[in-house]
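I opened my notebook to look up a few things in a structure, one entry at a time. Come along and check each entry against the picture.

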Amino acid sequence: MTEITAARFFTRCFPIGAALVVLLFCGCHTTRKAMKDAEKMSRTAVKAPVTEKMTPEAIKEGLNENTIRYSTFSARAKLDITTAGNSQKGIATFIRMKKDSAIWISIRPVFGIELVRVLITPDSVKMINFFKKTITLRSADSMQQMLDIPYDFSSLQNLIVGNPLFLTDSLEGIRLDSTGQTIAFSCRKGNFISRYLLGAADYLLRQYQIRDSGRSAPSRYSVEQFEDYKFMGNRHFAAGRHLVIHTGSETEADVKFNRVEFDKPINFPFPMVDKFTLK
């Protein structure tokens with residue numbers, strides 16, 4: 001794919017909200033695979049006595065021990081993305097993040113040439129499109145409005161590093177799968193249900209779903225899978241991720257993280273280009 005073709009693919013197919021979510025998060029090989037795995041999780045999970053290891057307190061303690069704590073995070077990733085009628089593989093994506101402060105992304109799909117640079121703060125979203133010579137400014141809640149899924153700044157941080165999202169004090173439907181290898185449970189937040197699948201031995205996240213439970217609402221869900229755990233900077237980090245986002249249409253992504261670093265000095269260069277058009 002040429003540089004111009006790649007640029008057109010991103011600028012035409014990805015409105016800012018969807019682009020940020022997909023590029024920040026992690027993907028799935030196919031929608032069918034992700035949803036089949038989700039259905040399989042539900043089928044293979046069997047009701048079991050709540051043992052000491054499966055109490056809500058024990059599960060939350062295990063999750064807390066695996067929570068990635070950091071001041072800064074940086075990584076390079078290779079990203080494959082598929083939308084309706086379009087796909088591209090091997091997109092070089094660079095991510096920098098300062099906890100609770102800023103998320104910076106540089107997208108370089110071809111020959112290392114930067115196409116898009118994004119800066120997200122708790123208050124705003126800024127994007128430079130070097131191909132179209134535009135600068136886009138949005139409020140921080142624009143992603144939630146476009147996707148109609150409750151992803152906020154804190155959610156993006158957690159999805160990037162692989163921490164749990166929307167974890168409430170009340171854990172419902174705790175089940176051990178038939179092999180005894182994974183624990184499933186769910187939480188509720190408004191109209192959305194979050195479902196988790198954890199390793200029974202290590203409490204590491206294996207799969208996370210968020211789905212709209214409102215009967216009158218259109219089908220909206222995301223499914224994220226975690227694999228290829230590596231011990232990086234004294235932290236268990238899932239270097240492989242798979243995601244499907246469905247909000248009327250489907251976007252699929254597959255990502256492999258490398259060059260992951262925590263707590264290193266970073267900056268967030270974001271030049272204002274005078275000759276670019278402000279949107």
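**Entry 1: confidence.** I began with pLDDT, which is the predictor's confidence in each residue, on a scale from 0 to 100. I needed it because this is a predicted model. The protein averages a pLDDT of 77, and 76% of the residues score at least 70.

**Entry 2: the overall picture.** I looked up the elements and found six helices and 15 strands in the protein. The protein has 279 residues, and buried ones make up 51% of them. Next I turned to contacts between residues at least 6 apart in sequence: 55% of these join residues at least 24 apart.

**Entry 3: helix α6.** How many of the nine residues of α6 are buried? I found eight, so I call this helix, residues 153-161, mostly covered, with buried meaning under 20% relative accessible area. Among the buried ones are Phe153, Leu156, Leu159, Ile160 and Val161. Ser155, Gln157 and Asn158 are buried as well. Just after α6 comes Gly162, with a positive phi of about 95°.

**Entry 4: the largest cavity.** Rolling a probe the size of a water molecule over the atoms shows where empty space is left. I counted two cavities of 30 Å³ or more. The largest has a volume of about 100 Å³. Its lining has 14 residues, and Gly162 turned up again here: Asn66, Gly162, Leu204, Leu205 and Tyr229 lie nearest the centre. The elements that give two or more residues to this lining are α4 (56-66) and β13 (235-247). I sorted the lining residues into nine nonpolar, five polar and no charged.

**Entry 5: around the end of β6.** I found Asn129 in strand β6, residues 124-129. Is Asn129 buried or exposed? Asn129 has a relative accessible area of 5%, so it is buried. A polar atom of its side chain lies 2.8 Å from the backbone nitrogen of Lys132. I then moved along to Lys133, in the loop between β6 and β7 (134-139). Lys133 counts as partly exposed because its relative accessibility is 47%. Its phi is near 55°, a positive value in a residue other than glycine.

**Entry 6: another positive phi.** I looked up Asp100 too, and its phi is positive at about 60° although it is not a glycine. Asp100 sits in the loop between β3 (86-98) and β4 (102-108).

**Entry 7: Pro265.** Where is Pro265 found? I located Pro265 in the loop between β14 (250-262) and β15 (277-278). Pro265 counts as exposed because its relative accessibility is 82%.

How values were computed:
Residues numbered from 1 in each chain as written. Predicted model: local features only at pLDDT ≥ 70, side-chain atom pairs only at ≥ 80, totals over all residues. Heavy atoms only, no water. Buried < 20%, exposed > 50% of the residue type's maximum accessible area, 1.4 Å probe, protein only. Helix = DSSP H or I, 4+ residues; strand = E, 2+ residues; numbered from the N terminus. Polar contact = N/O pair within 3.5 Å; in protein donor to acceptor, adjacent residues only side chain to side chain. 1 Å grid on protein atoms, 1.4 Å probe; cavity = no way out; pocket = protein on both sides within 12 Å on 5 of 7 lines; lining within 4 Å. Points joined across faces, edges and corners; volume = space filled by probe spheres on them. Nonpolar A, V, L, I, M, F, W, Y, C, P; charged D, E, K, R; others polar. Contact = heavy atoms within 4.5 Å.
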